[in-house]
Number of protein chains: 4
Amino acid sequence: MFEASTKIRVRYAETDQMDVVYHGNYAQYFEAARAEAIRDLGYTYKDMEAMGVIMPIVELHVKYIRPAHYDDLLTIKTILKELPTDHRIEFHQEVYNEKEKLLTVGRVVLYFMNAETMEKTVMPSALLEKIESYFK
Amino acid sequence: MFEASTKIRVRYAETDQMDVVYHGNYAQYFEAARAEAIRDLGYTYKDMEAMGVIMPIVELHVKYIRPAHYDDLLTIKTILKELPTDHRIEFHQEVYNEKEKLLTVGRVVLYFMNAETMEKTVMPSALLEKIESYFK
Amino acid sequence: MFEASTKIRVRYAETDQMDVVYHGNYAQYFEAARAEAIRDLGYTYKDMEAMGVIMPIVELHVKYIRPAHYDDLLTIKTILKELPTDHRIEFHQEVYNEKEKLLTVGRVVLYFMNAETMEKTVMPSALLEKIESYFK
Amino acid sequence: MFEASTKIRVRYAETDQMDVVYHGNYAQYFEAARAEAIRDLGYTYKDMEAMGVIMPIVELHVKYIRPAHYDDLLTIKTILKELPTDHRIEFHQEVYNEKEKLLTVGRVVLYFMNAETMEKTVMPSALLEKIESYFK
């Protein structure tokens with residue numbers, strides 16, 4: 001299992017008139033946390049795109065347990081439970097507030113795609129090598 | 001069954017560098033479409049909030065089938081398959097492009113909550129009366 | 001002078017915890033209104049990009065007079081006071097609510113750029129021909 | 001003069017199909033940077049709102065010099081050139097990329113308002129005391 005953790009401070013722009021973070025904005029928090037998780041491995045999603053591999057999202061599932069508020073310093077966990085064996089990768093994501101209360105749980109499915117041909121591909125070997133050690 | 005349909009034009013702001021609508025922005029499209037669905041019934045979500053009933057989102061599920069592009073005139077369908085009997089309401093949502101291709105499928109679960117006490121409540125009777133006729 | 005007008009309904013996502021439209025979101029309203037203004041001329045910004053001309057924003061100026069609220073049906077005016085003679089074009093924009101109160105005033109400067117070479121260019125002649133009639 | 005500096009990593013969601021940060025999103029970067037500038041003083045904007053003072057934006061001016069790109073680690077500077085003497089406060093803001101190139105320049109005017117009465121007020125004395133030392 002591979003797990004990474006990132007901190008994100010809630011912006012005023014991200015709240016709505018219910019005085020909480022707008023539910024649609026968690027997709028951005030998850031995305032930023034996945035990018036940091038990959039960076040932790042010594043790789044970047046940006047590099048992957050530059051090499052011609054893009055990762056479109058194919059499924060997003062979010063359960064909202066408790067609200068996040070303006071200026072909260074959130075901890076976003078990104079968990080990879082299984083090493084991808086084909087074009088599909090699934091991340092679990094959890095959002096905690098400063099009191100370590102679980103606010104939101106997410107599951108995001110992405111595909112590895114060749115940006116040129118738009119055909120399914122697999123995780124670049126340079127990234128796979130870095131991540132494999134976590135699954136031994 | 002109650003079904004409503006709304007059109008939304010994709011803004012430049014809503015695209016990302018993959019040249020498609022950013023996946024997190026569909027939450028906004030769904031929200032705007034639900035608001036129009038309620039308006040079709042001669043009621044507004046704004047009125048409901050003014051009366052002290054808010055509807056926080058508790059679950060969001062999205063499947064991305066085909067991408068939406070800048071300036072696409074999308075059709076967002078909002079479908080209520082079952083009349084709510086308690087504090088929970090579940091909407092099905094579908095996004096189509098101008099060629100009537102299905103782009104995205106969503107399922108959104110919301111609760112009726114008393115804004116004052118933050119306790120679970122039920123659909124306001126004024127709205128329930130309007131919507132019941134679709135389920136006879 | 002060329003003037004066009006578009007209607008935009010405020011989304012819940014666009015409000016913040018001050019119970020008003022977040023100030024940064026007016027950039028999107030202005031953008032959507034400019035796109036509709038060009039469409040009124042029988043042309044689209046999308047077509048322009050497809051032809052290799054992009055229009056990056058170089059200046060944005062906004063004055064906030066009164067707040068916009070959730071579910072307001074805003075009227076966004078886009079005004080071109082002068083016909084562009086080089087790579088620069090300047091739009092004036094005004095936002096009104098349903099009571100015809102002026103909420104926001106904007107001024108946006110854009111450049112015509114060749115997307116390939118990233119050099120300054122001029123308004124495509126097909127669009128210029130359509131717009132010239134308003135300045136006679 | 002009071003000056004503070006914050007780092008913000010560009011999210012994928014913040015890019016558009018021109019492969020740059022959407023111009024409207026700088027308002028959020030400026031907002032987040034102002035919040036960190038106030039936090040540097042040992043105070044928070046959140047505390048101020050809790051005490052009944054809100055700071056609506058009344059003017060936003062942005063000049064876009066060079067684009068920001070996905071995954072750029074931006075430095076946002078927040079500069080207060082003059083100590084506010086009434087309800088009005090004006091911040092200067094600058095965005096730099098990792099190569100220390102100046103990307104964007106902003107000027108934001110806000111008012112101190114009593115959230116209860118919605119009348120103009122002045123900077124809370126607790127914050128004023130902290131900030132005054134920078135102007136001696």
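**View 1. Strands S3 and S6 pair within chain D of this predicted model.** Strand S3(D) (residues 57-64) and strand S6(D) (residues 102-111) run antiparallel and are joined by 7 bridges. Strands are DSSP runs (E, at least two residues) and helices are DSSP runs (H or I, at least four), numbered from the N terminus. Two strands pair if DSSP finds at least two bridges between them. His61(D) has Arg107(D) in S6(D) as its bridge partner. Helix H1(D) (residues 26-40) packs on the sheet. This helix touches S1, S3, S4 (73-80), S5 (88-96) and S6 of chain D. The direction of H1(D) makes about 130 degrees with that of S1(D) (axes fitted to C-alpha atoms, for helices over the stretch in contact; angles from 0 to 180 degrees between N-to-C directions).

**View 2. An open sheet of 10 strands holds strands of chains C and D.** The order is S1(C)-S4(C)-S5(C)-S6(C)-S3(C)-S3(D)-S6(D)-S5(D)-S4(D)-S1(D), and pairing is antiparallel. S1(C) (2-9) and S1(D) (2-9) stand at the edges with a single partner strand each, so one side of each lacks a neighbour in the sheet. Neighbouring strands are turned by 15 degrees against each other on average, direction ignored.

**View 3. Chain A meets chain B.** Here 15 residues of chain A are in contact with 15 residues of chain B (C-beta atoms, placed from the backbone, within 7 Å). S3(A) gives the most to chain A's side, with 8 residues.

**View 4. S3(A) joins S3(B).** The two strands run antiparallel, with 5 bridges between them. Leu60(A) stands opposite Val62(B).

**Notes.** Residues are numbered from 1 along each chain as its sequence is written, while chains are lettered from A and ligands numbered from 1 in the order written. In this predicted model, local features need pLDDT of at least 70, side-chain atom pairs count only at pLDDT 80 or more, and totals for chains, interfaces and linings use all residues.

Key. Contact = placed C-beta atoms within 7 Å.
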